[in-house]
Amino acid sequence: MTQRQLKLELSAGETLPTSLSWLIHDGYVCLTSWNEDDSTTMLSIWGPGELVIPSIIKDRPLYLYCLSPVEVEEQAANAEQQQAALHQQVQQLVTLLQLTRIRGAEERLFKLLLWLGKRFGRVNSQGVSLSFSAMNLTHRNLAELTGMTRVTVTKALIRFRQEDRKST
């Protein structure tokens with residue numbers, strides 16, 4: 001008897017089991033962990049074409065949820081895929097850790113936006129565009145990724161917009 005793979009279409013905010021591996025066909029998911037003080041830390045974000053293997057992180061309560069509507073398929077990962085996913089996960093964690101060490105809030109947020117643009121943005125004639133609405137990426141999500149408050153993220157984004165208007 002052959003084993004059937006799960007194929008799911010989920011809405012933003014819905015969760016996926018962390019015990020399974022998922023291939024993302026469309027949309028964005030993130031992995032969050034709870035801290036001892038009941039705050040959360042966003043550990044990773046994945047998008048279309050990426051393989052998510054949450055079980056490679058051990059000994060943490062994990063929450064894998066959809067940032068946007070997603071289409072995913074359960075994928076049994078072989079050893080090579082697990083190694084590649086582990087490498088990607090470590091790279092994301094290192095990048096996010098390095099971002100949290102940047103002292104200036106605006107610089108930290110700017111570097112995060114550059115990183116997100118490199119991973120998920122679309123190249124156009126003016127540079128790279130990144131759609132927060134397509135990713136359903138909120139100011140709170142950006143705050144979790146940078147170790148900042150939501151209010152600080154909002155103020156920095158407002159300043160970025162004001163500076164952009166002044167330069168045009």
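Here is a short chat about reading cysteines and aromatic rings in this predicted model.

Me: Let's start with the cysteines. How many disulfides does a search of the whole structure find?

Reply: The general idea is to look for two cysteine sulfur atoms within 2.5 Å. Here the search of the whole structure turns up 0 disulfides. Cys 30 is in none, and the nearest cysteine sulfur, in Cys 66, is 8.8 Å away.

Me: Now the rings. How do I read an aromatic pair?

Reply: You describe a pair of aromatic rings by how far apart the centres are and by the angle of the planes. In this model the count is 4 aromatic pairs. One of them joins Tyr 63 and Tyr 65: the centres are 5.2 Å apart and the planes sit at 35°, so this pair is tilted. Tyr 63 is partly exposed at 30%, while Tyr 65 counts as buried at 12%.

Me: Which residues do ring pairs link into a cluster?

Reply: Trp 34, Tyr 63 and Tyr 65.

Me: What about Phe 110 and Phe 160?

Reply: Their ring centres are 6.2 Å apart with planes at 75°, so that pair is edge-to-face. Phe 110 belongs to helix α2 and Phe 160 to helix α5, so the pair ties together parts 50 residues apart in sequence. Phe 110 is partly exposed at 40%, and Phe 160 is partly exposed at 21%.

Definitions and conventions. Residues numbered from 1 in each chain as written. Predicted model: local features only at pLDDT ≥ 70, side-chain atom pairs only at ≥ 80, totals over all residues. Heavy atoms only, no water. Phe/Tyr/Trp six-rings, centres within 6.5 Å; stacked < 30°, edge-to-face > 60°. Buried < 20%, exposed > 50% of the residue type's maximum accessible area, 1.4 Å probe, protein only. Helix = DSSP H or I, 4+ residues; strand = E, 2+ residues; numbered from the N terminus.
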